[in-house]
Amino acid sequence: RFKSTLVLQQPALQGFQWMLWLDSDSFFPGSVKRDFFAEMSAAGAVFGFTHTGPEPAVFVHELFDVALLFEAAEGVQLQKHVPLEKR
């Protein structure tokens, strides 16, 4: 919940259209040849999430259901649940 709502309400982020979040243990293993913000803008996206690597099932249990509930509560659609690379 923190990353999807509370952090976006922080005064320091007001006025920004996009935010790229990397956890403290995350990194790019090489140079980045994509412009994530341009891809999001071109797709008309309001939220993007990419993740590579395994996560224990306990961490992602019912994650999709929670995303659907968030959509319903906020009255938004998260781009038809289609990853950017498949658009």
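Student: Which residue forms a salt bridge with Arg34?

Tutor: This is a predicted model, in which local features need pLDDT of at least 70, side-chain atom pairs count only at pLDDT 80 or more, and totals for chains, interfaces and linings use all residues. Residues are numbered from 1 along each chain as its sequence is written, and side-chain values use heavy atoms, with hydrogens and water left out. A salt bridge is a side-chain nitrogen of Lys or Arg within 4 Å of a carboxyl oxygen of Asp or Glu. The closest N and O atoms are 2.7 Å apart in the pair that Arg34 makes with Glu39.

Student: How many salt bridges does the structure hold?

Tutor: Side chains of opposite charge can pair when their charged atoms come close. Arg34 and Glu39 make such a pair. The number of salt bridges in the structure is one.

Student: Is Glu39 buried, partly exposed or exposed?

Tutor: Buried means under 20% relative accessible area, exposed over 50%, and partly exposed in between (1.4 Å probe, protein chains only). Arg34, the partner of Glu39, has a relative accessible area of 39%. Because its own relative accessible area is 24%, Glu39 counts as partly exposed.

Student: What is the order of the elements in the protein chain?

Tutor: Helices (H or I, at least four residues) and strands (E, at least two) are DSSP runs, numbered from the N terminus. The protein chain has three helices and zero strands. From the N terminus on, the order is α-α-α.

Student: Which element has the lowest mean pLDDT?

Tutor: The pLDDT is the predictor's confidence in each residue, from 0 to 100. For the protein chain its mean is 76, and 79% of the residues reach 70 or more. Among the elements, α1 has the highest mean, 87, and the lowest, 78, belongs to helix α2.

Student: How far does helix α3 reach from its first C-alpha to its last?

Tutor: Helix α3 covers residues 63-74, twelve residues in total. The expected span is 1.5 Å times one less than the number of residues, and for α3 this comes to 16 Å. The model is close to that expectation, with a reach of 16 Å.

Student: What accessible area does the nonpolar surface patch that includes Leu20 have?

Tutor: Patches are made of residues with over 30% relative accessible area and no salt bridge; like charges are joined within 9 Å, and nonpolar side chains (Val, Leu, Ile, Met, Phe, Trp, Tyr) within 5 Å. Leu20 lies in the segment before α1 and is partly exposed at 45%. With Leu22, Phe28, Val32 and Phe37, Leu20 forms a patch whose accessible area (Shrake-Rupley method, 1.4 Å probe; for residues, only the protein chains shown count as cover) is together about 430 Å².
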